[in-house]
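Morning, everyone. Let me put a structure on the screen and walk you through a few parts of it.

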Amino acid sequence: MTATDFFSLMPLIIIATAAVIVMILIAVKRNHSVVAGVSLAAFALAFLSLFRITAVTPHTLPPLLIIDNYALFYMGLIFAASFAVTLLSYNYLKSYNFNLEEYYILLLLAALGASTLAISQHFVSIFLGLEILSVSLYALIAYVRTWERNLEAGLKYLILAAQSSAFLLFGMALVYASLGSMNINDMAQLLSGANLGPLALIGFALMIVGIGFKLAVVPFHLWTPDVYHGAPAPVTAFIATVSKGGVFALLLRFFVAIDIYNYESLVIAFSVIAIASMIFGNVLALLQNNVKRILAYSSIAHLGYLLVAFLSGNNLSVDAATLYLTAYAITIMGAFSIVSLLSGKEQESDKLEDYRGLFWRRPVLSAVFTAMMFSLAGIPLTAGFIGKYFILSAGVHSAKWLLVIVLVLTSVIGLFYYLRIVVAMYSAPTDDMPSQPGISRSVSFSGVLVLAGLTILLVWFGVFPQGFISLIQNMVSSLQDVYLSMIV
Amino acid sequence: MISIPMEFGLILAGTLFVLGLIGLMVRRNIIFVLMSIEIMINAAGAAFIFAGAKWGEPDGQIMFLFILAMSAAEVAVGLGLILQIYHKFQTLDGDTVSKMRG
Amino acid sequence: MLELLWLIPALPFAGFLILALFGSRLSRQSAAVIGVGSVGLSAILTLGIAIRFISSPPADHAFSQMLWQWISVDAFQPAITLYLDALSLVFIFVITFVGFFIHLYSSLFMYEEEGYSRFFAYMNLFVGSMLTLVLGNNLLLLYLGWEGVGLCSYLLIGFWYKDSENGYAARKAFVVTRVGDTAMAIGLFLLFTSFGTLDIQKLLQQAPQEWTINSTQAVLAAALLLGGAVGKSAQLPLQTWLPDAMAGPTPVSALIHAATMVTAGVYLIARTHVLFTLAPAVQTAVAVVGALTLLMAGFTALTQRDIKRVLAYSTISQIGYMFLGLGVGAWSAAVFHFMTHAFFKALLFLGAGVIIFVLHHEHDMFKMGGLRKKLPVTFWTFLIGSASLAALPLITAGFYSKDMILWYTFAGEQGNDWLWAAGLAGAFITSIYTFRMVFVTFYGEAQAEITHKPGMQLKVPLIVLAVFSLIAGFIELPHTLGHLTLFSHFMHSALPPTEVLHESVSLELLLQVIAAIAVLLGIYIAYHIFIRNRSIANNLTASGPGALLHRFWYSGWGFDKVYDTLFVNPLVWFAKINRNDFIDLIYTGIAGTSREFHRQLTRTQTGRLRWYATGIVIGAIITITVVVYL
Amino acid sequence: MILIWLIAILMIGGILAWISQSWHKNAPRWIALIAAGVDFVLVAVIWLQNLSKVDLTGQSQWLFEVNYQWIPQWGISFFLAMDGLSLLMALLTTFLGLLSVVVSWTEIKERVGFFHFNLLWILAGIMGVFTALDLFLFYFFWEVMLVPMYFLIGIWGHENRIYAAYKFFIFTQASGLLMLLSILGLYVIHGQNTGNYTFNYFHLLGTDISLFTAAWLMLGFLIAFIVKLPAVPFHNWLPDAHTEAPTAGSVILAGLLLKTGAYGLLRFVIPLFPDISELFTPAAMMLGVLGILYGAKLAYAQIDLKRLVAYTSVSHMGFVILAVFSLNELALQGAVMQMICHGISTGALFILVGAMHERIHTRNIEDMGGMWETVPRMGGVGMLFAMASLGLPGLGNFVAEFLILVGAYQVSIFWTVLATVGLIAATVYSLRIVQRVFHGEKIKDWKIPDFNVREMVVMGSMIAVIVWLGLFPQSVLNTAKHTLNSLQQRKVIEQTAWQTDSQTLNQNTSENKTIIK
């Protein structure tokens, strides 16, 4: 390995080192704040290091890894989100009195796994990244052992994720069996638009199952609400942003590389998945009374929207998907921040009832939450609107009218349940409401930091998105060109 | 050495995989469920080996090693979790560990 | 002098504005001064202008004064322009003068009422609108006045708003006339679309050039205008509102529902006579409508007990005569009848008002009786009015105007024997019901006590109008009686003369004699039945067919019932059952379906691990199927 | 620049009003009053200055323009411009906005700051809608005005407010999204044709689209606008929203929000899709007439006074559809007049009903009756606006409806005749208001105050405006004239030179605008 290789892997090394440091620290003396601080520093450092790496991109570490601008962008997203999750977790966990410090090791490792996915170009590294991510998540989800729900969610995630890993692996094996390579570039060159044999098709189908599970799209979505609901709020935020971000980065890279748009059957499969996700996700969320479950179902729908961008298959689709994913990450992170800030040891504030009349007691928090809901619903002045617009634009460019119209109609359904949350917050408070300790707790500095940052980003991207768009164009547009040129 | 056609191997792996799946779907005891998953993952590993053999590459076997390692990690975490669940629920019946629904 | 024309409608409007804005703070006296004074000033101005107009007629016998450009869009250029010619002069004269006397009368009549200033505000608004109607030089401005008087009619019928019956009567009046107005509005669209203007004089010039006689357009236009006229003038089939309109104060009935507003239809047809000439079929329809209405209303009047309803039906009937006149091309005759009718009918209403006033709102004639001695002035003036209404030969104005219509109906170019016969029959019935009213009210035994005497403000208008009811006829005398044509001559600058087929003085004399006999016979019959032997009437109405007929006539030939069953009830029913808008069901349906879909889908989220694993397997199978087989 | 100020004043005022809540309980009211007042004065001054100017032929229809880059990557600019039509709508917006602040003075007692924030932001959004000439920006403002409206209904509304707020939001959002699709379609087609991806209105004007595609694209726009307008059968959000909203909300909904739909038809549907619009005319006229008659029927059937007034809007706005698709100067002028007059007259009725509700705490028509004696001023005002609503000549609505009907008559006699029947229906329901509320027997001994000075000022100004519009409508007609003429001219150009080089057309339109900054 050369110095450049090491240099380009800097962020991963930083994160991995931080995990080791935390382990050592725990061995020396348990201190929640210090551990959290180290993790934060690691994420910040890793994030900053990305800017230096732009100098050497694209850089390939054959055969497993490739570090290009696209990967850098997604890593940036992952680190930023992890940073926010760390802050939230610190806030969330500090009221518990059992061993908290290992949590941060798991968090660091999970982020490491997700970043690995972003830079993978080989089945081996993909598998490794995915498993690092998953195994850390099992533990994270079940971390607060005192809560039955945590254990239940952890178990469900463990079994089902392992099952889906098995599908993914079997799919990979079949693809390997039929193509003879596990490297994405090689596969792309081998395929070059050639027809796929049945073995490869089944392989791809099984891989879709594995990836679909991680993305929680219909029909692999059944676990989502339970896990979102059961996991501690910061972990849920992590699943919704980092885990899905990493997997989606992989999905884009892999299927763009092999130019999926040449294979109608795969496109149809994804279209079916996208449409089903949009419809089922939104309809399932319709009358839910638990905010975390609503957000879980809505995430199914949002992944469906993302797939629309992906399926558009024009020069906008990667940009649109990335932009949307970023906007979604900001928004959902904001939403879960509030849930987690209002929750604590006493209870998890996740029932709709808990939010009734919130606006009149915590106006700022509610205003932020409202903004997040509007962003999810895709209403202007928020990043969500820009994202949704971009997806629609990509869809219209490719004349994917069916997908686009389903998107529009289902987002109307979506509107309803986002508004339900808003309505609850703005409805007049009644006196006979039980007092909730979580609701009245003041928000710590770290919480304010996260919320303020997210809200500013949300509105900034919503009103002045041009800089953000340029960034995305610079960073990720290359993806398609790179692979397209390679095929030729 | 008589070479076995890859397809046979894949069929074997597939059969194993489906067996694991069936176990996953019908068993209630979480331990057995975990075992079924191990079967599935190993079936996938076997498929890799057969594929590697077809192409005459070591890649498949390398992949199998990775799979082995990761599944060990997974089982470790899984068993830990099962321990906690047994503490909390006093049962290993997967169906009873389902408070959340809807 | 003519330049002051704009003041004539402006003064009543100004009166209205003052009363509407400051009415609640004005004393009764000052309200009366403003209300009566504004119309009085208008009347004086009218007199001045009339003298100036007759003594030195302006060019073309017409004067127009543009105040401002109202709307200017594309070719649509209606302006607020007043147009004075012989026709409108007659109308404004009647409106301001009769109006003034009725205002004067009201100042006492309404003195005790709540909302005194409100009353005068409405009355002034009415006079202003009516003047606008007849002075407007384009149909849109005319329409403004047209609707304006409709509004005032509504407001004044419902003046005593506390009784919701009055309110319903008012609403009926507004809605039924609006049906006609709508036809008229469509007529305006048609005219504008054809000629690119709504200026009446231009229309009258262009129409004969561009439309041939009996062309579809002409027929349609005339028919639609007729629709408006029929509604406003309470002719068949839209006459039902007028009897109910008697719910308003009596001066209102006198001014609006006898003298002026209800004759707006006559004005409209006279004004646009060229269009009707181009559509002879419609013009005939006008005559037929008039003839039928005058008969129908006459029979109905025979049976009424409420003195105001008798007068109301007689108004309908008399306007029927005017329509008959218009229908046979006797334009001037119709206008002449309008004028005399305004005098005597206003007089009759005011007289009836006095009776009602002194008898504490008693409307039933059969509860009056024997008032001849107690109310001498009222009796004599009422008698003059009745004589004029019944067209008592030679001495009354009504005779001359009605005779003129009957003559042209018989002898005119578009005349028709049947129409004449109808007119004659009408005259006969008119004299019966008129004198039935007189005899029942003023003769016989007194049924009620008078509490207070009518004051001067009530008597003066009666006397003045009575004088007019007698002498107004002498400005136009038939061939047989001096052949004076002051009126028709004057009108000929605005309306074409009527062509007469067989000009024969002897024939005319014969007809007049027949008519006179019919009238006198009618009076005798009334005398016989209602003074000599009341039991005849009772017997007639007691017998089977007689009672049936009586009921039928009494109800106004059942029109109300038919309209209720045909239009009102089904619409109200439909409105009631669909109050919540069935279209909403579509959307509630969509919402319900989504909710149900949600419920069904939620059932898949069982929370069971094995089912979730199975779900993934099913998903995998579906995916593989799609990928491999598609 | 002035255009940005018009919007910015409202937005800043809104934020200030919200913040000022903690200073003094009346501070938000005064701030909102000042912000709306300043805006009104500004627009009025612009109008008075341009009264003579806009009438000149040959001069551009655009008075002001401001154009900044916004999201250049997507061809989106912050492009505002004002012509006669926008000016009139802005005038109406600020006028009704000002009145809404005044009528809420005593009605809103809770969370005054947030209320005025929402109020002013709605106005800002509407102002944006009326001036935006970048389609993306237009959509942006279109949505921006909905959110505060949603809060206005949902927080300060009456009993059933949540349901109404949902319904309002979902209807308008759903239709708005379809419009967004159409905007995108247009954008993409134009981009593919010319290589110039832009949302600029002038550039998109001459886009060469196949008839089939154009039909679909127009449908997207049309749905958004006729839901807003509303046309039967998309009117169901309206009665609920109007009924449940607080008075100011109802005034703004009826007076302004509905007008954005009509404005959209005039500004976008007709110019962007001239051929399809023409093909669509018979269907549109049918929709219009359906709205007129069905709305009137429903209005008649209601017993909730506010709902009754709400349904009259459906009926009145039917005339606008009828007019817009008749596409001749008479009808179009009528449509503009109708937009303004309906805004005033229905707004006034809502204020009246609101005042009534404030006093007797019911809107049920059966609990009223015989109130004239107690509250003669309310009665008089109610009478006048009932008359306006039934189209009495001398009031603005008559001018509007007559122009519409005359214009429509030249296109379709059949539909016009049916629409005219709507006038009878209007009589029936309008008189029902007067009859049931003010006339008739007193059902109880009312002890309620009549309009006070504040309310009389509001009503007086509305009466003055409606009478003035009825007798001297020409200044308004002149202001709109240029815009409407160019609308027709474009139609003529499109017809004669269909499928000529769209490039030249673009040049023409872009040359046409003189930039006054």
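This is a predicted model: local features need pLDDT of at least 70, side-chain atom pairs count only at pLDDT 80 or more; totals for chains, interfaces and linings use all residues.

Start with the pocket. This is the second largest pocket, and about 1400 Å³ of space lies in it. How do we find space like that? Rolling a probe the size of a water molecule over the atoms shows where empty space is left. The lining of this pocket has 43 residues. Nearest its centre are Leu409(A), Val412(A), Ile590(C), Ile170(D) and Ala174(D). Which of them gives the most to the lining? That is H7(D), with 14 residues. By type, the lining residues split into 30 nonpolar, 10 polar and 3 charged.

Next, the helix. Please find H18 of chain D, residues 453-471. Its 19 residues should span 27 Å, at 1.5 Å a residue. The C-alpha atoms at its ends are 26 Å apart, which agrees. Now, which residues of H18(D) are buried? They are Glu455(D), Val458(D), Met459(D), Met462(D), Ile466(D), Leu469(D) and Gly470(D). Looking down the axis of H18(D), these buried residues fall within an arc of 105 degrees, so they line one face of the helix. An α-helix has 3.6 residues a turn, so residues three or four places apart point the same way. The face turned away from the buried side of H18(D) carries the exposed residues Val453(D) and Val457(D). At the N-terminal end, Asn452(D) is the cap of H18(D). One of its side-chain oxygens lies 3.2 Å from the backbone nitrogen of Arg454(D).

Now the two single residues. Gln304(C) sits in the loop between helices H13 and H14 of chain C. Is Gln304(C) buried or exposed? Its relative accessible area is 0%, and the cut-off for buried is under 20%, so Gln304(C) is buried. A polar atom of its side chain lies 3.4 Å from the backbone oxygen of Thr300(C). The side chain of Gln304(C) also makes a polar contact of 3.4 Å with the side chain of Arg309(C).

Last, Phe212(D), in helix H9 of chain D. Its relative accessibility is 62%, and exposed means over 50%, so Phe212(D) counts as exposed. Along the chain, Phe212(D) and Ile276(D) are 64 residues apart. Their C-alpha atoms are separated by 8.9 Å.

Conventions. Residues are numbered from 1 along each chain as its sequence is written. Chains are lettered from A and ligands numbered from 1 in the order in which they are written. Side-chain values use heavy atoms; hydrogens and water are left out. On a 1 Å grid over the protein atoms alone, a cavity is a set of points where a 1.4 Å probe fits but cannot get out, and a pocket is an open set with protein on both sides within 12 Å along at least five of seven lines; lining residues have an atom within 4 Å of a point. Grid points are joined across faces, edges and corners, and a volume is the space filled by probe spheres set on the points. Helices (H or I, at least four residues) and strands (E, at least two) are DSSP runs, numbered from the N terminus. Ala, Val, Leu, Ile, Met, Phe, Trp, Tyr, Cys and Pro count as nonpolar, Asp, Glu, Lys and Arg as charged, and the others, Gly among them, as polar. The expected span of a helix is 1.5 Å times one less than its number of residues. Buried means under 20% relative accessible area, exposed over 50%, partly exposed in between (1.4 Å probe, protein chains only). The arc is that of the directions from the helix axis to the C-beta atoms. A polar contact is a pair of N or O atoms within 3.5 Å; within protein, one must be able to donate a hydrogen and the other to accept it, and residues adjacent in sequence count only if both atoms are side-chain atoms.
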